Amino acid sequence: MDGPRVVVEREVAAPAERVWRALTDLEAMPRVLSGVEAVQVLTPGPFGVDTRWRETRRMFGARATQEMRVSACEAPRRYVAEAFDSGVRYASEFRVEERAPGRSVVRMAFSASPAPGGKPPGVFLRLLNRLGTRAAARAVARDLADVAAAVEAAGPD
């Protein structure tokens with residue numbers, strides 16, 4: 001059984017490179033994303049495959065901390081970050097495309113599915129599949145709006 005998948009796109013009045021920097025600057029994340037309270041970077045060095053961090057955010061009215069790991073990265077266009085919790089694999093895929101000079105589209109796809117080799121889907125995954133898709137779409141849209149506001153406020157390059 002696959003879990004829910006949410007895809008949200010947002011046009012941003014900024015070059016793709018600036019959007020990419022905002023999406024991958026982990027230490028700035030709590031200042032950029034209103035839903036993120038704290039980030040602890042676990043791997044030193046440049047952002048790429050195997051970059052790991054702990055992210056604390058408010059979700060569904062509660063504080064949750066997840067360890068995230070970049071499982072795919074094609075800088076400066078795409079990356080996938082994964083988290084595993086209670087037999088569920090959560091994946092967030094970010095894509096950035098410059099459509100015109102100084103105008104980009106950022107796309108985030110969020111999915112939840114049973115983790116490989118994990119136990120059968122629990123109540124949370126079934127509930128998320130039925131009820132949480134709209135809430136997840138709102139959270140993703142808020143994150144993308146926060147990124148857009150941050151990079152657009154920086155002004156032209």
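**Figure 1. Contacts and elements across the whole chain.** Of the contacts in the chain between residues at least 6 apart in sequence, 52% join residues at least 24 apart. A contact means heavy atoms within 4.5 Å. This is a predicted model: local features need pLDDT of at least 70, side-chain atom pairs count only at pLDDT 80 or more, and totals for chains, interfaces and linings use all residues. Residues are numbered from 1 along each chain as its sequence is written, and side-chain values use heavy atoms, with hydrogens and water left out. The chain has 3 helices and 7 strands. From the N terminus on, their order is β-α-α-β-β-β-β-β-β-α. Helices (H or I, at least four residues) and strands (E, at least two) are DSSP runs, numbered from the N terminus.

**Figure 2. Surface and interior.** How much of the chain is buried? Buried residues make up 43% of its 157 residues. Buried means under 20% relative accessible area, exposed means over 50%, and partly exposed lies in between (1.4 Å probe, protein chains only). The chain exposes about 8500 Å². Carbon and sulfur atoms supply 52% of that area. Accessible areas come from the Shrake-Rupley method with a 1.4 Å probe, and for residues only the protein chains shown count as cover.

**Figure 3. The largest pocket.** Rolling a probe the size of a water molecule over the atoms shows where empty space is left. About 840 Å³ of space lies in the largest pocket. Its lining has 35 residues, and the closest to the pocket centre are Glu-55, Arg-57, Met-59, Ser-92 and Phe-110. Several elements give two or more residues to this lining, including helix 1 (16-24), helix 2 (29-32), strand 3 (52-59) and strand 7 (103-114). Which element gives the most to the lining? Helix 3 does, with 11 residues. The lining divides into 26 nonpolar, 2 polar and 7 charged residues. Ala, Val, Leu, Ile, Met, Phe, Trp, Tyr, Cys and Pro count as nonpolar; Asp, Glu, Lys and Arg count as charged; the others, Gly among them, count as polar. On a 1 Å grid over the protein atoms alone, a pocket is an open set of points where a 1.4 Å probe fits, with protein on both sides within 12 Å along at least five of seven lines; lining residues have an atom within 4 Å of a point. Grid points are joined across faces, edges and corners, and a volume is the space filled by probe spheres set on the points.

Figure 4. Helix 1 is mostly covered: 7 of its 9 residues are buried. Among them are Val-19, Trp-20 and Leu-23. Trp-20 has a relative accessible area of 6%. A search of the whole structure finds 6 aromatic pairs. Trp-20 and Phe-47 form one that is edge-to-face, 6.3 Å centre to centre with 90° between the planes. Trp-20 lies in helix 1 and Phe-47 in the loop between strand 2 (36-41) and strand 3, so the pair ties together parts that are 27 residues apart in sequence. Phe-47 also pairs with Trp-53; this pair is tilted, at 6.3 Å and 40° between the planes. Trp-53 is buried at 2% relative accessibility. Ring pairs link Trp-20, Phe-47, Trp-53, Tyr-79 and Phe-94 into a cluster. Rings of Phe, Tyr and Trp (its six-membered ring) pair if their centres lie within 6.5 Å; planes under 30 degrees apart count as stacked, over 60 as edge-to-face and the rest as tilted.

Figure 5. Thr-56 is found in strand 3. Is Thr-56 buried or exposed? It is buried, with a relative accessible area of 13%. Not counting residues up to four places away in sequence, Thr-56 touches Gly-35, Val-36, Glu-37, Ala-38, Arg-63, Ala-64 and Thr-65. Thr-56 and Glu-37 are 19 residues apart in sequence, yet 5.5 Å apart in space, C-alpha to C-alpha.

**Figure 6. Two loop residues.** Asp-50 lies in the loop between strand 2 and strand 3. Its phi is near 80°, a positive value in a residue other than glycine. Asp-50 is partly exposed, at 42% relative accessible area. Pro-76 lies in the loop between strand 4 and strand 5. A cis peptide bond joins Ala-75 and Pro-76, with omega about 0°.

**Figure 7. The segment after helix 3.** Ala-154 sits in this segment. Ala-154 is exposed, with a relative accessible area of 54%. The C-alpha atoms of Ala-154 and Ala-14 are separated by 8.8 Å, although the two residues are 140 apart along the chain.
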